[in-house]
Amino acid sequence: MLEGIVVADFSRVLAGPLCTQMLADAGARVIKIEEPERGDETRRWGPPFVNNISTYFLAVNRNKESIVVNLKSRSGSKIAERLVERADVVVDNFLPAQGLLPNIPKRTVHCTIRGFDSDTPEADTPGYDLLAQAGSGLMSITGERDGDPMKSGVAFSDILTAHYAYGAIASALFHRERTGEGAELEISLFSATVASLINVAQAALVTRKEARRYGNEHPSIVPYQLFHASDRPFAIGAGTDRHFELLCTHVLHRDDLAADPRFSTNARRVKNRAVLIRALEREFRNARASQWVTRCKRASIPASLVRGVREALRTPAARPLIGTIEHPAIGRYEAVYNPLRINGSRRPLGNPPPVLGQHTKSILAELGLSDD
């Protein structure tokens with residue numbers, strides 16, 4: 001859908017590269033501008049490595065071209081200027097004070113990814129996912145009730161920011177198609193994470209009460225959480241009163257729980273959460289998790305095993321999401337497709353992430369520059 005769009009990608013690490021990989025998956029040509037000799041930091045983030053290739057870098061840089069440019073040199077800044085002049089989209093995550101970008105043409109869509117918004121006192125503070133999760137309140141609502149605040153298992157603030165940026169760039173390109181005008185876009189890790197607190201942020205604003213951690217429970221829905229079977233954990237999402245009734249009568253065969261006035265509505269179950277969860281936990285210890293999940297599904301109650309990542313990647317549901325890419329250094333390896341299906345089909349995985357500076361000569365020739 002973005003065939004013909006050229007992206008000059010000055011970003012590095014995760015939020016920017018993930019955003020530009022999504023643009024590449026949609027058909028855009030993405031030229032990744034990297035620092036000579038070192039390149040993107042994630043090239044060195046590991047282990048794990050495969051033949052000295054970082055799996056972190058593999059995850060977010062496919063379908064791109066790589067050119068090495070010293071942006072601090074006079075010739076490098078001229079090369080950057082020519083790249084920007086030819087680009088439809090420019091993405092960067094430089095601090096305001098770095099001043100490494102040339103002037104952006106008015107027809108260009110320019111998206112800057114920061115740690116904090118430029119109209120805040122923290123504008124010059126570098127952005128790190130861990131600090132965004134900590135400072136935004138996300139960590140404070142993640143983890144066990146009586147344990148420490150906990151970051152998510154992936155760099156969630158970076159990922160959220162990448163998706164906000166991708167959507168904004170696509171919208172700006174549509175606007176340009178109609179008006180001929182580019183746009184100056186800005187998104188920060190902090191603002192993206194705060195905005196993604198959704199109902200928790202709204203509740204804190206309206207009630208003026210600090211949000212709490214609920215571990216694997218839900219603050220407003222019961223039972224909607226992890227439970228322990230005889231062999232392993234599993235999750236149940238009984239989001240409605242009807243779900244709860246079916247859970248009691250068709251899965252547990254505990255009509256008394258369904259008839260108990262303390263549990264007759266979701267609001268009452270939230271109020272009497274501790275009593276109900278203890279009763280459910282006792283029941284679930286009597287059989288294996290797979291048995292409970294099967295029974296729940298037969299009764300139309302949402303339920304799932306709590307799987308490991310490798311285990312999840314080998315399930316029938318994940319099988320269509322896994323494909324292979326040929327890499328010149330490591331051979332054929334498996335990767336996860338972009339999850340979007342367009343007219344019933346997924347975009348091909350395409351090319352592997354580039355070797356550092358792989359396309360420098362060909363791109364410089366395109367810009368009208370000699371090898372010298």
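**Notebook: strands and helices**

I started at Tyr224, which stands opposite Gly237 in S10. The model I am reading is predicted.

Next I looked up the strands around that pair. S9 and strand S10 (residues 233-237) run antiparallel and are joined by five bridges. I then traced the whole sheet. It is open, with three strands in the order S9-S10-S11 and antiparallel pairing. Strand S9 (224-228) and strand S11 (303-305) are the edge strands, and each pairs on one side only. From one strand to the next, the twist averages 25°.

I checked which helices lie across this sheet. Helix H11 (residues 273-284) lies across S9 and S10, and runs at about 45° to S9. Helix H12 (residues 289-298) lies across S10 and S11, at about 155° to S11.

I moved on to a helix pair. Helix H1 (residues 15-25) and helix H5 (residues 156-179) have axes that come within 8 Å and cross at roughly 45°. H1 is therefore oblique to H5. The crossing of H1 past H5 is right-handed. I listed the residues that meet there. H1 brings Ala15, Leu18, Cys19, Met22 and Leu23. Their partners in H5 include Ile159, Ala162, Tyr166 and Ile169. By class, I noted 10 nonpolar, two polar and one charged residues in the contact of H1 with H5.

My last entry is a hairpin. Three residues link S12 to S13 in it. Strand S12 (residues 322-327) pairs with strand S13 (residues 331-336) in the antiparallel sense, over six bridges. I looked up Ile325 too: its bridge partner in S13 is Tyr333.

Conventions
Residues numbered from 1 in each chain as written. Predicted model: local features only at pLDDT ≥ 70, side-chain atom pairs only at ≥ 80, totals over all residues. Heavy atoms only, no water. Pairing = 2+ DSSP bridges. Helix = DSSP H or I, 4+ residues; strand = E, 2+ residues; numbered from the N terminus. Axes fitted to C-alpha atoms, helices over the stretch in contact; angles between N-to-C directions. Parallel < 35°, antiparallel > 145°, perpendicular 65-115°, else oblique. Left-handed = near helix turned anticlockwise from the far one by under 90°. Contact = heavy atoms within 4.5 Å. Nonpolar A, V, L, I, M, F, W, Y, C, P; charged D, E, K, R; others polar.
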